Amino acid sequence: MSFTRFDHECMALALVLAAKGINSTHPNPRVGCVVAKEQKILGTGWHGVAGGPHAEVLALQAAGADTKGATAYVTLEPCNHHGRTPPCVDALLGSGVDRVVMAIQDPNKRVQGAGYQRLAEAGIKVECGLMASAAEELNTGFLMRMRKARPWVRVKVACSLDGRTALKNGESHWISSACSRQDVQAWRARSSAVLTGIGTVLADNPALTARIQDPPLQPLRVVVDTDWRTPLNCRLLEAPASTLIAGSGEKSIPAGLKESGVGLLPLPLADGKIDLSVLMQALAEREMNEVQVEAGATLCGALLKHDLVDEVLLYQSPVLLGEGGPGLFSIGVLESMNDRAHLEVIESTRMGEDFRLRLRPRKDRPGKDSH
């Protein structure tokens, strides 16, 4: 399938538009649309908030009446089902466009090619795959939830040059620079949930809110707390965000927590700890797309060992914290170099004095003879 330079320009604009909803479309995907005809852009749109008009509808409205014979460029397959809004396919069919170019198909079971098929059956030329990688990257969380029934899990960690996340006595404020800490707020704001462990709650009493200007939504705060020890006076139980405590279904919940109004999620145990796979499934059922983990080495290590880490957001500061402090991931003692956890750097960015690395588990793990 061959796409022109103008096709690429229109889809690139659609992706830029889709990214405008990065903090606000939860639990819906981020989608942008451009309507063009004869090398001229007629209208643009992007999905801003769940329940609001979709990108295709807004772009067609902006284009006006002259859309017969036009092309619609959309970053995700148009829906063909009634949700909170009517099907976007209906709007496209009624507009007179004769070509639809989509970046990727929607794996949502209510879509899954149905939009593509209905457009094609109506005689519209439908093409898919233009700038697909960029479209996938924009919606990693939504696509993961649709495909594997769990959220995209991003682990945020900050460390010194010698790999410590705190001093031996536990002091950790602040390892990273102000620039890095503000960047973390932006990543929180795009997340559906922020996940931490009870150890972090008891040691640091974090708020875990997205502290950016006018955040459209606050992420759900989730605490992994097997024994239901979350203090009633902790900052996580304060507004403006909601909190969900995940604890053991085999242990009684204190009356104070029951009466506090906080969300409570009793879960099964695995080896005496919360079954993290079941937790992720439960979060997906609550329509959580991206989960940002801000926790200690034990919880981060457990997620890594259970193959529940999709991305690591690492801020490394040019300081040395000395011996005895905790590391990033507690994964036990490895007996062989072949047991190493392999990560791939997908981005390296300077953040003030720090470096921010984005890493993902490697799919092509090196074999025993690799160096």
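Helices (H or I, at least four residues) and strands (E, at least two) are DSSP runs that are numbered from the N terminus. The structure is a predicted model, in which local features need pLDDT of at least 70 and side-chain atom pairs count only at pLDDT 80 or more, while totals for chains, interfaces and linings use all residues. Residues are numbered from 1 along each chain as its sequence is written, and side-chain values use heavy atoms, with hydrogens and water left out.

Lys 156 is buried, a word that stands for under 20% relative accessible area, with exposed meaning over 50% and partly exposed the range in between (1.4 Å probe, protein chains only). Lys 156 has no salt bridge, a salt bridge being a side-chain nitrogen of Lys or Arg within 4 Å of a carboxyl oxygen of Asp or Glu. The nearest side chain of opposite charge belongs to Glu 294, 4.2 Å away; here Lys and Arg count as positive and Asp and Glu as negative, whereas His and the chain ends are not counted.

Across the whole structure, a search finds 19 salt bridges. In one of them, Arg 99 pairs with Asp 7, with the closest N and O atoms 3.0 Å apart. Because Arg 99 lies in strand E4 (residues 99-104) and Asp 7 in helix H1 (residues 5-18), this pair ties together parts that are 92 residues apart in sequence, and both Arg 99 and Asp 7 are buried.

Another salt bridge joins Glu 347 to Arg 358, where the closest N and O atoms are 3.7 Å apart. Glu 347 belongs to strand E15 (residues 343-351) and Arg 358 to strand E16 (residues 354-361), so the pair ties together parts 11 residues apart in sequence. Glu 347 is partly exposed, at 26% relative accessibility, whereas Arg 358 is buried, with a relative accessible area of 10%. Both residues take part in a network of salt bridges that also links Glu 137, Asp 183, Glu 311, Arg 356 and Arg 360.

We turn now to the nonpolar cores. A nonpolar core is a set of buried Ala, Val, Leu, Ile, Met, Phe, Trp, Tyr and Cys residues joined through side-chain atoms within 4.5 Å. The largest has 38 residues, and those with the most contacts inside it are Met 11, Val 35, Tyr 73 and Val 100. Among the elements that give two or more residues to this core are H1, E1 and helix H3 (88-95), and the largest share, seven residues, comes from H1. Apart from this core lies another, of 33 residues, including Leu 265 and Met 288.
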